[in-house]
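The sequence and coordinates come next.

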Amino acid sequence: MLTDRQRNEAAELLRSAEHGVTPIAPLTSAFPGIDTEDAYEIQLVNIRHRLAAGAEVRGHKVGLSSPVMQRMMGVDEPDYGHLLHDMELRPGVPVPVSRYCLPRVEVEVGFVLGDDLPGETCTAADVLAATERVVPALELIDSRIRDWRITIADTIADNASSAGYVIGEGRDPRELDLKAIDARLTSGGELLAEGRSDAVLGDPALSVAWLARTVARFGVSLKKGHVVLPGSCTRAVDVTPGATFTAEFTGLGPVSLPFI
């Protein structure tokens with residue numbers, strides 16, 4: 001476990017890497033004793049820093065929601081990060097790749113909450129009851145760690161490698177089978193990745209419920225109006241300038257994001 005001074009030093013390294021678009025070596029190199037508790041505290045240091053500068057929390061994201069990714073990272077549960085107002089992107093509005101270190105896109109079935117979620121007792125049924133609509137979504141992920149050489153502690157500290165997101169209109173979740181939504185990611189007519197919503201813990205609503213229970217331990221709640229990204233249905237795809245990525249979902253429709 002790290003000292004408070006070390007946690008603040010690690011947070012400053014990540015802030016500088018993001019602001020300067022200059023990735024750093026893994027935190028595990030500079031702080032070999034770092035663990036997941038340290039990593040969440042480092043994440044919160046930087047979130048508080050951004051909130052003090054005027055940012056607003058617009059939701060949360062879940063990472064490592066597939067068994068394959070969990071095994072790769074050597075963990076047995078997902079992780080999470082914050083979605084802030086300045087991370088919200090607009091469908092069809094070009095995004096400069098130069099803002100980011102090594103960006104990638106992921107395909108997700110997002111949730112927009114119509115009511116607050118309970119905390120420690122939250123279930124998938126609670127999630128469905130509180131969800132205003134499920135939406136087609138693309139998450140823009142980025143790592144302030146050089147070449148994506150991340151451990152679980154690195155990605156958690158780095159706000160779960162989150163950088164931005166875009167969502168479409170969506171539908172009432174009760175009109176869909178949330179475990180059987182097919183998803184495709186294309187660019188320039190080429191199929192880049194495909195998957196299904198049950199790749200996310202078997203049911204993306206379970207991922208949202210896990211998140212509500214987990215953040216409750218830190219005194220955080222998932223509130224009405226928040227966006228929740230429960231995890232990717234497909235593998236992540238590298239972003240290049242000039243590409244336009246379109247995610248298509250059965251029953252939900254598409255959402256697109258161009259890059260320059």
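In which sense do strands β1 and β2 pair, and over how many bridges? The pairing of strand β1 (residues 57–63) with β2 is antiparallel and runs over 6 bridges. The model is a predicted one; the points below are grouped by topic.

- Strand β2 (residues 79–84) is largely enclosed by the rest of the structure, because 6 of its 6 residues are buried, that is, under 20% relative accessible area.

**Nonpolar cores**
- The largest nonpolar core holds 70 residues, and those that touch the most other members are L27, L117, L138, L222, F245 and F259.
- Helix α7 (residues 204–216) supplies the largest share of this core, with 7 residues.
- Leaving aside residues up to four places away in sequence, L117 touches C122, D126, V127, A130, V208, A212 and L222.
- Another core lies apart from the largest one; it has 12 residues, including I47, A55, Y165 and I167.

**Second largest pocket**
- The volume of the second largest pocket is about 220 Å³.
- It is lined by 14 residues, of which E18, D86, R99, Y100 and A163 are the closest to its centre.
- Strand β5 (residues 162–167) gives the largest share of the lining, 3 residues.
- Sorted by class, the lining comprises 6 charged, 5 nonpolar and 3 polar residues.

Definitions and conventions: Residues are numbered from 1 along each chain as its sequence is written. This is a predicted model: local features need pLDDT of at least 70, side-chain atom pairs count only at pLDDT 80 or more; totals for chains, interfaces and linings use all residues. Side-chain values use heavy atoms; hydrogens and water are left out. A nonpolar core is a set of buried Ala, Val, Leu, Ile, Met, Phe, Trp, Tyr and Cys residues joined through side-chain atoms within 4.5 Å. Buried means under 20% relative accessible area, exposed over 50%, partly exposed in between (1.4 Å probe, protein chains only). Helices (H or I, at least four residues) and strands (E, at least two) are DSSP runs, numbered from the N terminus. Contact means heavy atoms within 4.5 Å. Two strands pair if DSSP finds at least two bridges between them. On a 1 Å grid over the protein atoms alone, a cavity is a set of points where a 1.4 Å probe fits but cannot get out, and a pocket is an open set with protein on both sides within 12 Å along at least five of seven lines; lining residues have an atom within 4 Å of a point. Grid points are joined across faces, edges and corners, and a volume is the space filled by probe spheres set on the points. Ala, Val, Leu, Ile, Met, Phe, Trp, Tyr, Cys and Pro count as nonpolar, Asp, Glu, Lys and Arg as charged, and the others, Gly among them, as polar.
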